Amino acid sequence: MAGEEAVEKLQTRINCSICLDIMRDPVTIECGHNFCHSCIQQSWTDQEDIFPCAVCRYPCKNLHTWSNIQIGRMVDRVKLLQITKDKKKRQEGRRLCEKHNQALTLFCEEDLQLLCALCTQPPDHQDHQVRPIEEAASHHRQRLRSYIGPLKKQMADLQIQLDTQNRRLSELREKAENQREKLASEFEQLIESVDCEQEAVLSRLAAEEKHIQQNLRANKIELSDHIYKVKVQLKEVAEKSVMSDVKMMMNIKGVLHPSEKLEPPGVYCFQYKREEFSLPPQCSALQKIIQKFREEITLDPKTARPNLLVSEDRKSVTFVKKKQRVHRNPKQFVVDPFVLGTEGFDCGRHYWEVQVDDKPEWAVGVCKDSLLEERKQCLRRQNRCWTIQLQDGDYVAGGSAPVTLVLKEMPRGIGIYLDYELGQVSFYSLNDMSHIHSFRDTFSEVLKPYFYIGCDPKPLTVCALRD
């Protein structure tokens with residue numbers, strides 16, 4: 001038994017890893033693994049520059065192989081031992097049936113079981129296909145060999161999948177490293193930008209504090225001077241009031257008139273302005289907003305008053321003195337130069353951009369779709385619109401409580417972002433994508449893009465997606 005195990009162990013060492021049979025004309029490649037000469041050459045058929053080992057995938061640089069004489073001798077010895085083993089088994093005789101003590105010479109195909117001649121008698125294997133053991137062995141040996149090809153293919157496919165996963169793992173490491181470097185650079189820029197913004201805000205805060213202090217000190221001086229004048233006047237009035245009648249009345253005019261004209265200076269009052277600051281686009285995720293939620297907005301000519309000329313592509317609107325010949329529409333704004341967008345939003349997130357250039361008067365934002373009906377009821381526009389506007393040289397956030405805005409520079413265009421569920425409308429300057437203002441409210445009906453054109457001849461343009 002020990003001899004048989006040794007032969008089997010030796011046979012596994014001289015088997016080719018490609019055909020899984022004893023090596024024929026064994027050769028060794030660069031990495032030290034051994035194969036049949038024909039097997040390794042066939043596995044390299046479609047390779048050009050790199051020739052991988054079929055076991056360890058070591059990239060061999062050329063097709064050169066070395067004949068392994070030692071393994072060839074081992075193959076010859078194993079074959080000789082196998083022949084000796086087969087002869088010994090035949091000499092030991094055939095195995096006997098446990099039931100009938102007869103030689104097992106037959107094979108039942110239905111039950112896949114060895115049989116003796118007596119086993120074929122009814123009823124155990126009646127009507128079963130029974131054939132001589134040599135014939136059955138030959139048939140099943142061919143059948144087993146037919147599995148070798150598909151199993152080799154399956155193994156090759158699995159090896160390809162394994163190589164693919166290894167490649168993906170390397171790609172993942174590379175992508176993760178690139179992402180780490182990119183994030184580190186962005187964080188560094190972000191910190192630098194925040195530091196600069198903090199320095200600017202604190203500088204403005206210090207300047208405002210200094211200005212208020214100067215005004216307070218000046219007001220204190222005025223009050224102190226007035227107090228001194230009042231003291232002098234009080235002393236003079238007290239002295240005159242105890243004089244005799246004739247003496248007091250002789251100079252009463254010099255006392256009464258100054259006392260009556262003595263008006264105190266106004267008290268300087270101030271409101272400490274809250275400093276606003278803007279973070280770079282990385283903080284507001286504006287670039288992602290633009291890429292994911294940008295909408296193609298068009299103007300609805302049916303909502304424009306007759307003095308408004310909407311372009312054919314419905315992207316631009318201009319105020320003209322001569323009214324346009326259009327049919328009256330119940331949705332038209334008869335008085336104010338407004339126009340609405342065609343698109344209405346009752347959910348989701350949306351972003352669009354408007355070019356205002358150097359128009360002296362404009363307003364952009366969103367409004368309720370029921371704007372016209374509410375106008376007929378004379379309701380305040382602030383309760384129906386969320387906009388920013390330029391009017392009389394001032395930038396104002398016109399919501400339920402208008403807020404005057406202080407901008408670093410005149411925006412040439414405005415980006416508008418609506419988050420319906422969050423109840424937020426945000427505005428950005430297209431000059432540097434900096435944040436201008438945000439409204440927070442609760443929306444319950446359809447909102448539409450809102451455009452106030454003003455009465456100047458310069459156009460207001462909705463940016464197309466391609467812009």
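**Reading strand E17**

Modeller: Let's start with strand E17 (residues 413–419): seven of its seven residues are buried, so the rest of the structure largely encloses it. Buried means under 20% relative accessible area, with exposed over 50% and partly exposed in between (1.4 Å probe, protein chains only). Strands (E, at least two residues) are DSSP runs numbered from the N terminus.

Keep in mind that this is a predicted model, where local features need pLDDT of at least 70, side-chain atom pairs count only at pLDDT 80 or more, and totals for chains, interfaces and linings use all residues. Residues are numbered from 1 along each chain as its sequence is written, and side-chain values use heavy atoms, leaving out hydrogens and water.

Colleague: Which residues point each way from E17?

Modeller: Gly413, Gly415, Tyr417 and Asp419 point one way, Ile414, Ile416 and Leu418 the other, and all are buried.

Colleague: Which strand does E17 pair with over six bridges?

Modeller: Two strands pair if DSSP finds at least two bridges between them. Here E17 pairs antiparallel with E18 (residues 424–429), and Asp419 stands opposite Gln424 in E18. The two form a hairpin with four residues between them, and Gly423 in the turn has a positive phi of about 70°. E17 also runs antiparallel to E12 (residues 349–355), joined by seven bridges.

Colleague: How many residues does the largest nonpolar core have?

Modeller: In soluble globular proteins, nonpolar side chains tend to be buried together. A nonpolar core is a set of buried Ala, Val, Leu, Ile, Met, Phe, Trp, Tyr and Cys residues joined through side-chain atoms within 4.5 Å. The largest one here has 35 residues, and Trp352 is among those with the most contacts inside it.
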